[in-house]
Amino acid sequence: MSRTVSSELRWTVLVVVLTVAGVVALWPRPDAYPDTSADPRPVTAERVAERPDDATLGPARAAAALPPCPDPSGVSVPPGPLADVVVPCLGEIGAIPLGAVLAGRPVLLNLWASWCVPCREEIPVLDAYAAQPDAIDVLGVVVRDRPAYALAMADELDPGYPSVLDPDNAVQAALGTPPVLPTNWVLRPEGSAVRVTDPLVFRDPDQVAGAVEAALAGP
């Protein structure tokens with residue numbers, strides 16, 4: 001009897017692990033990341049998380065036609081985890097102070113990358129949510145990726161909300177983000193951040209709305 005229970009337990013754990021693995025993408029191994037640039041240097045962790053080269057990204061930015069990154073709100077910056085984080089904008093030249101930009105209003109942060117298959121499936125859902133009249137603002141955060149690759153995916157999917165880059169892993173470190181994508185966070189107006197874990201990947205706009213509502217109403 002005990003052997004049967006033990007076997008069933010092992011199978012249950014295995015199913016749960018495989019289910020989670022099927023809906024999220026782990027950080028890529030540097031040696032497995034495709035290098036399609038002309039740069040002969042090997043692909044390393046530093047090369048995967050690139051800073052934007054504004055001199056060469058102009059055509060890709062024009063093709064992607066992302067909305068401009070938000071300007072500082074003018075509201076006093078609350079002491080949240082992102083208060084001192086400054087990151088480059090994906091769709092245009094310049095960097096933005098996240099604390100000043102996001103202060104005083106709720107925002108849904110979506111961490112994504114071009115190599116993340118679930119991210120590709122989720123971005124159109126977030127775009128549909130963002131188009132609803134009662135939606136909070138959505139801001140994408142590109143992690144562990146190259147700007148040119150992220151812009152190519154944005155050009156293909158055409159999201160109606162902006163994205164920033166996290167080349168120095170500052171956003172991930174500040175939020176304590178696990179090494180999986182996509183990852184979604186709801187930022188409250190006072191600066192605190194709530195990670196969305198149910199669901200791990202949004203499948204329809206109603207799920208996004210429900211998760212946002214729950215995060216804003218929680219303690």
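Contact means heavy atoms within 4.5 Å. This is a predicted model, in which local features need pLDDT of at least 70, side-chain atom pairs count only at pLDDT 80 or more, and totals for chains, interfaces and linings use all residues. Residues are numbered from 1 along each chain as its sequence is written, and side-chain values use heavy atoms, with hydrogens and water left out.

**View 1. The protein chain.** Eight helices and nine strands make up its list of elements (DSSP runs numbered from the N terminus: helices are H or I, at least four residues; strands are E, at least two). Of the 219 residues, 42% are buried (under 20% relative accessible area, with a 1.4 Å probe and protein chains only). Among contacts with a separation of 6 or more, 74% join residues 24 or more positions apart.

**View 2. Thr183 in strand 8.** This strand covers residues 183-187. Thr183 counts as buried because its relative accessibility is 2%. Its side chain reaches the backbone oxygen of Val180 at 2.7 Å. Leaving aside neighbours within four places in sequence, Thr183 touches Leu109, Asn110, Leu111, Thr177 and Arg195.

**View 3. The largest nonpolar core.** It holds 52 residues (a nonpolar core is a set of buried Ala, Val, Leu, Ile, Met, Phe, Trp, Tyr and Cys residues joined through side-chain atoms within 4.5 Å). Leu82, Leu98, Leu102 and Leu109 have the most contacts inside it.

**View 4. Around Leu98.** Leaving aside neighbours within four places in sequence, Leu98 is in contact with Leu82, Val85, Val87, Leu139 and Val171.

Technical notes: Buried < 20%, exposed > 50% of the residue type's maximum accessible area, 1.4 Å probe, protein only. Polar contact = N/O pair within 3.5 Å; in protein donor to acceptor, adjacent residues only side chain to side chain.
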